[in-house]
Amino acid sequence: MKDSPLVSVVIPTYNSEKTLANCLESIKNQTYENVEIIVVDNFSTDKTTEIAEKFGVGVFFKGPERSSQVNFGVEKSKGKYIYRVDSDFVLDPIVIEEAVDKCENNHYDVICIHNTSDPTVSFWSRVRKFERDMYRDDEFNVAARFLKKEDFESIGGFNESLIAAEDYDLHNRLLERGFKIGRINAEEIHIGEPKSLWEIAKKHFYYGKTIKEFIKKNPERGRKQLKFIRPAYIKHRREFIKHPSLTLGFLVYQIVRYFSAWLGYLVSKVKRNE
């Protein structure tokens with residue numbers, strides 16, 4: 001490349017000692033070299049900060065949730081581009097190079113990077129990979145990950161009132177503003193996969209607390225993004241026939257996560273009315 005703009009990789013962490021080293025290693029191994037890494041930790045009680053420091057990465061502290069952590073990290077960043085990476089992801093070596101090339105040479109403002117699941121973690125991680133890979137070309141279940149810092153700031157960054165679907169919300173606002181959004185072939189792999197239905201239930205119970213707020217701010221597109229039956233499933237319906245065991249697991253997974261999210265919403269509603 002003629003120019004090599006700085007890319008700021010912002011990583012929100014909380015008790016991330018099991019996955020952070022792999023995440024940072026994958027960033028250090030990128031073919032694109034002009035990168036700064038910013039870890040924003042939500043006051044972890046494990047060895048998260050020690051691991052970051054071993055990689056020569058400075059750590060900032062901010063809470064209470066990922067949205068505020070990422071916004072704070074962007075404030076501290078110096079790059080032309082922002083790449084938000086969660087601490088339980090590892091990256092293909094050419095992710096950043098492809099994203100920069102797409103923006104610099106093809107004039108895209110925002111890049112979506114497909115994230116898939118590590119199928120080796122558990123049966124449920126294979127189910128999630130089965131689901132996630134149906135979204136590779138989907139227009140609704142996709143979220144901006146890589147974008148110009150000035151564009152991120154122009155729309156106010158992440159909505160800090162959201163616990164779940166904050167990435168969908170950001171993407172939707174970028175669409176509304178008319179930014180040119182593209183995709184690349186390189187992927188992110190989620191290694192922080194659940195090993196049990198109980199983990200899935202706890203996570204979505206927690207996420208359910210702000211689902212109503214997300215729908216309120218994204219009434220039309222948001223409902224499509226959270227539907228039980230999504231267009232991507234219909235488009236890839238043959239996959240369900242080819243993989244009956246994963247299909248059964250997928251149905252169980254869907255029931256558990258939607259029920260848990262709904263229960264989380266009801267509990268939060270009762271608490272607000274007390």
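Predicted model: local features only at pLDDT ≥ 70, side-chain atom pairs only at ≥ 80, totals over all residues.
Let me begin with a convention: two strands are called paired if DSSP finds at least two bridges between them, and the strands (E, at least two residues) and helices (H or I, at least four) are DSSP runs, numbered from the N terminus. Residues are numbered from 1 along each chain as its sequence is written, and side-chain values use heavy atoms, with hydrogens and water left out.

With that convention, seven strands form an open sheet with mixed pairing, in the order β3-β2-β1-β4-β8-β6-β9. At the edges stand β3 and β9 (181-183), each with a single partner strand, so one side of each is left without a neighbour in the sheet. From one strand to the next the twist averages 25°, where axes are lines fitted to C-alpha atoms, for helices over the stretch in contact, and angles run from 0 to 180 degrees between N-to-C directions.

Let me turn to β2. Strand β1 (residues 7-13) pairs with β2 in the parallel sense over seven bridges, with Ile 11 opposite Val 39 and Thr 13 opposite Asp 41. On to β3 (residues 59-61), which runs parallel to β2 and is joined to it by three bridges; here Asp 41 stands opposite Phe 61. Six of the seven residues of β2 (residues 35-41) are buried, so this strand is largely enclosed by the rest of the structure, buried meaning under 20% relative accessible area with a 1.4 Å probe, protein chains only.

A right-handed β-α-β unit is made by β1, helix α1 (residues 20-28) and β2, and another by β2, helix α2 (residues 48-54) and β3; right-handed means that, with the strands pointing away from the viewer, the path from the first strand over the helix to the second runs clockwise.

Which residues of α1 are buried? They are Leu 20, Cys 23, Leu 24, Ser 26 and Ile 27. Seen down the axis of α1, these buried residues fall within an arc of 160°, so they line one face of the helix, the arc being that of the directions from the helix axis to the C-beta atoms. They pack against β1, β2, α2 and β5 (89-91), contact meaning heavy atoms within 4.5 Å.

Two further helices deserve a mention. Helix α3 (residues 66-76) lies across β1, β2, β3 and β4, running at about 150° to β1, whereas α4 lies across β1, β2, β4, β6 (110-112), β8 (144-148) and β9, at about 140° to β4.

As for the interior, a nonpolar core is a set of buried Ala, Val, Leu, Ile, Met, Phe, Trp, Tyr and Cys residues joined through side-chain atoms within 4.5 Å. The largest such core has 30 residues, and those touching the most other members are Val 7, Val 9, Ile 11, Tyr 83, Val 85, Ile 111 and Phe 146. Its largest share, five residues, comes from α4. A second, separate core of 14 residues includes Ile 200, Ala 232, Phe 240 and Leu 246.

Finally, there is an open sheet of three strands, in the order β5-β10-β7, again with mixed pairing. Its strands β7 and β10 (residues 188-190) run parallel and are joined by three bridges, with Thr 116 opposite Ile 189.

Key
Buried < 20%, exposed > 50% of the residue type's maximum accessible area, 1.4 Å probe, protein only.
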